[in-house]
Amino acid sequence: MNRKTNSRKNRNKPSAFSIASDSADPGWGAVGLKAFVVSVLAIVAVLVLLRAGKMGMNHFFYENPSYALTQIIIETDGVLNPSQLQEWAGVARGDNLLALNFAEIKSNFDLIPWIRTTELQRVFPNILRITITERQPIAKTIYFTRRDKSFLYDKKIYYIDKEGFVLTGFDNLHDVNLVNYDRTAMPTITGLDRSCLQIGKKINSKNVQAALELVSVFRLTGMYRVDQIDKIDIKNSRRLVVTTRKGSQIQLAPDHFKKQLSRWRAVQQFADRHSGISIASLDLSLKNNCPVRWNVSKSNGSFRKNT
């Protein structure tokens, strides 16, 4: 009986755990609700501030007529027309100087094979300066493509700069400035695999790179005053075969061009000292000697053609 009475008493008696739970729930609920309300108000305040800040930026900067472009200065070191460059840039007078996306403008220029580097500068309050460095072609290659179902061929010229980048022909450019720009002086590279010719891409062929290096080194020597390179045949991987404007055929190893050109100059100086002779062919690819065959005029028939 005592055990039963005790159990009834214990049943009506609240436990310590129940007291703690009942007394804690109302308090934590109120705190959580307050925290939630404060968080929402903070987020709303931030959004309002951001919106107000954006409107303020637009009003005072990006839509401010004081920063509207009145002048676009375009400078280039090559043949490209400034009006064409402005069209590629996608900017015009009246555009907001601060709102210009320089990354987008540069990406527009990166699509043009003739452009090597681009510099953009804001000159406050309303001037944009664009400075272009162009790729300078130093050689060309020519291919003829047959027209469909005809016996006619179209001539296509690819220009190549000193780094080996392939450029479009001048006919594909708008109003280029070709004053003092002699395209005929560029040597023609022959024997080049046409699959290498991708506009705007660099040719990684060792023979092409060797030919371009030869052209660059040749320009730095005094040889161009005596004769000029007309063609460079690169079919043979061990040597370059050069045909000059005077009709001489010169064979060179694909490296150490300064030494070879020095020997070429010595042979040319020898020819200059003897009237009535000129170089017909010269092999500079050999290290120990340089066989030469001469063109001999009738007035100097006693001169040996082969030395």
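In helix H3, the buried residues are Gln84, Leu85 and Ala89. Viewed down the axis of H3, these buried residues fall within an arc of 140°, so they line one face of the helix. The buried residues of H3 pack against E1, H4, E2 and E3. The model described here is predicted.

Three strands make up an open sheet, in the order E1-E3-E2, and their pairing is mixed. Its edge strands are E1 and E2 (residues 115-123), each of which pairs on one side only. From one strand to the next, the twist averages 15°. Strand E3 (residues 127-134) pairs with E1 in the parallel sense, over 6 bridges. Within this pairing, Ile73 has Arg129 of E3 as its bridge partner. Helix H3, which spans residues 82-89, packs on the sheet and touches E1, E2 and E3. The direction of H3 makes about 115° with that of E1. Helix H4 (residues 102-110) also packs on the sheet, where it touches E2 and E3. For H4, the angle with the direction of E2 is about 155°.

Is Asn64 buried or exposed? Its relative accessibility is 18%, and since buried means under 20%, Asn64 counts as buried. The side chain of Asn64 also has a polar atom 2.9 Å from the backbone nitrogen of Ser66.

These local features can be set against the protein as a whole. Its secondary structure comes to 7 helices and 12 strands. The protein has 307 residues, of which 32% count as buried. Among contacts with a separation of 6 or more, 53% are between residues 24 or more positions apart. The accessible surface comes to about 20100 Å², and carbon and sulfur atoms account for 53% of that area.

Key: Residues are numbered from 1 along each chain as its sequence is written. This is a predicted model: local features need pLDDT of at least 70, side-chain atom pairs count only at pLDDT 80 or more; totals for chains, interfaces and linings use all residues. Side-chain values use heavy atoms; hydrogens and water are left out. Buried means under 20% relative accessible area, exposed over 50%, partly exposed in between (1.4 Å probe, protein chains only). A polar contact is a pair of N or O atoms within 3.5 Å; within protein, one must be able to donate a hydrogen and the other to accept it, and residues adjacent in sequence count only if both atoms are side-chain atoms. Helices (H or I, at least four residues) and strands (E, at least two) are DSSP runs, numbered from the N terminus. Contact means heavy atoms within 4.5 Å. Accessible areas come from the Shrake-Rupley method with a 1.4 Å probe; for residues, only the protein chains shown count as cover. Two strands pair if DSSP finds at least two bridges between them. Axes are lines fitted to C-alpha atoms, for helices over the stretch in contact, and angles run from 0 to 180 degrees between N-to-C directions. The arc is that of the directions from the helix axis to the C-beta atoms.
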